[in-house]
Amino acid sequence: MFVLLLFVKGVEMSQVLYGILIVGAYTVALLFYSPSSTISPGFQSRPSNDPENQLNPLTQSRRDFVVEMTKHAWKGYMKFAAGADELLPVSNSRSDRWGHIGTTPIDSLDTLLLMNLREEFDEGQRVMRSIDIRKCTRSVSVFEMIIRHLGGSLSAYLASNDTFFLSLGKDVADGLLHAFDTPLGFAAHQTRIWGTKSDNEGSGYMLAEIGSNQLEMRYLSHLLGDPRYAQVSERLNTFLQGLDKKGWPSSRELYDDDAPTMPHKGLFPTFISMEGRFSGAAGWASRTDSFYEYLLKQWILFGKRDVELLEMYEDAVEGLLQYLLKYTSDKHYAVLGYFSYGFHATMDHLVCFAPGTLILGVMHGAHSYSGRRERSFSSDDVVNVAIDIAATCYRMYAESPAKLSPDAYEFVLRQNSESNSSDDVVTNIVYRNPKYILRPEVVESLFYLYRYTNDERYRDWGWEIAQAIEKETKTMSGFSALKNVSIMSDEGKADSMESFFIAETLKYLYLLFSDSTVLPLDEWVLTTEAHPLRIVHP
Ligand code: DMJ
């Protein structure tokens, strides 16, 4: 336009200047306008240079450090893997192991916006717009699609008010509805997205998988006013709530032949057969974890009306306290293990989400509401246990050679014969799975504990973890999983950066170093993949 003006004969200089002014103003407006500019209140934090910023300089510098980590990871993704599912951070290449559906960008968008990384957010949303997920013909994990893609789409929509993400979420859910067409009506383990019932795979169901779609599917129903998504996801609750009448948990009819009988009604085995019989161990760890998490989070997210789910959650907490927890005699470790014909002192990194969820429950009054039936524990008991388990989880970082926790570890315990104590002595800790894959659960729990206690110790622990991640996993293009936390070398890097690193680990670190006005927990619930959903008030 400016160039054109100069070439039009007879145009006076003042008119040219006026034109420049208009074009300049237009350009500036364009620069600052982006379709993502209407950000939900409470979602985004104040930038470092905002005079209203309430963070002390130390916390601010830690938070800035986390933002730099995120920028580094995102830049590497955009440079070497834009449009692909994941960056391979050692070989500086790309992986489409999820079927070329943009797993990293859809999982990262809300983190980018939360951190005021507008340019990066805009890049991410352009990437998502360029991918046609309908072209994906691969068989996908229904659970992962729901927590990463549907969850990521919903929170990107809530954060940015951009309806593209709502329709993306609807597309994902529509493409998965046939996965619920199984004998008991729970989600299949795998299926071909956009396929049919005949594409459903899996010889049975896994508790975490079938119990971890309700938050996202119910929320989609709420946003769209279309009950179909909630209906399919809620079948599990009806099934579990009907067990009491069938003699749960003592009736052997409910189990496979050699399966352990559950010691408490609130604990469920890992597997359910297509015929509805249980087998496997109970725990709050791998393959069961988010089932328990979502009992509580559904109650909170949907306005504290799901009293039956809250009661199931309280039963589960009671079961945890009575059957899944053991202290060592020096109280150094609180072991959150699993139950299968007795207690097993093995912990996953995954189980370390539990302290955070327990604290969230206390913050929302899950154990102190009026009309609560008599229970063997109080809110204070829950807080103390959460503090102790989180300390154990943190110690698995602090006491490892890389200062990063292994993925699974076993406490070898010996009965304490020198006292009358029922607590055991730890004789050894064996790394059952020595890898470190950038998982979020420990920093997730530190975040909730900090919000609840305001104890700076949790920020210090989170900071140690952030520094260890930077020191041991950083590569030229991103951050890489380690094959073994006892071997620190370039060959020890596993060339993988899962999407939950930006979605969760970096987000929780950022939130740990933010004040409580950022994603206030009485307004937002973070899904199991750390995607914030706004609480639905009745
Ligand atoms: C995430 O995808 C989710 O947090 C899930 O619930 C469990 N595992 C990973 C991260 O470790």
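**Close-up views of a predicted model**

View 1. Residues are numbered from 1 along each chain as its sequence is written, and side-chain values use heavy atoms, with hydrogens and water left out. Because the model is predicted, local features need pLDDT of at least 70 and side-chain atom pairs count only at pLDDT 80 or more, whereas totals for chains, interfaces and linings use all residues.

View 2. Oxygen atoms of the ligand lie 2.7 Å from a polar side-chain atom of Arg-439, 2.7 Å from an N or O atom in the side chain of Glu-441, and 2.6 Å from a polar side-chain atom of Glu-529. On its own the ligand has 290 Å² of accessible area, and the protein covers 92% of it (Shrake-Rupley method with a 1.4 Å probe). The ligand sits in the largest pocket, meaning that more than half of its atoms lie within 2 Å of the grid points of that pocket; a pocket is an open set of points, on a 1 Å grid over the protein atoms alone, where a 1.4 Å probe fits, with protein on both sides within 12 Å along at least five of seven lines.

**View 3. Strands S13, S14 and S15.** Strand S14 (residues 408-415) pairs in the antiparallel sense with strand S13 (residues 346-348) over three bridges, and also with strand S15 (residues 424-433), antiparallel and over eight bridges. Strands are DSSP runs (E, at least two residues), as helices are (H or I, at least four), numbered from the N terminus, and two strands pair if DSSP finds at least two bridges between them. Asp-348 has Ala-408 of S14 as its bridge partner, while Gln-415 is partnered by Asp-424 in S15.

View 4. Three strands in the order S5-S6-S7 form an open sheet with antiparallel pairing, with strand S5 (204-206) and strand S7 (278-279) as its edge strands, each pairing on one side only. Strand S6 (residues 271-273) is joined to S7 by two bridges, and Phe-271 stands opposite Ser-279 in S7. In the loop between helix H11 (235-241) and S6 lies Pro-249, which is joined to Trp-248 by a cis peptide bond with omega about 0°.

View 5. Two bridges connect strand S11 (residues 338-339) with S12, and Phe-339 has Phe-343 of S12 as its bridge partner. Arg-287, in the loop between strand S8 (282-283) and helix H12 (289-301), has a phi near 75°, a positive value in a residue other than glycine.

Terms used: A polar contact is a pair of N or O atoms within 3.5 Å; within protein, one must be able to donate a hydrogen and the other to accept it, and residues adjacent in sequence count only if both atoms are side-chain atoms. On a 1 Å grid over the protein atoms alone, a cavity is a set of points where a 1.4 Å probe fits but cannot get out, and a pocket is an open set with protein on both sides within 12 Å along at least five of seven lines; lining residues have an atom within 4 Å of a point.
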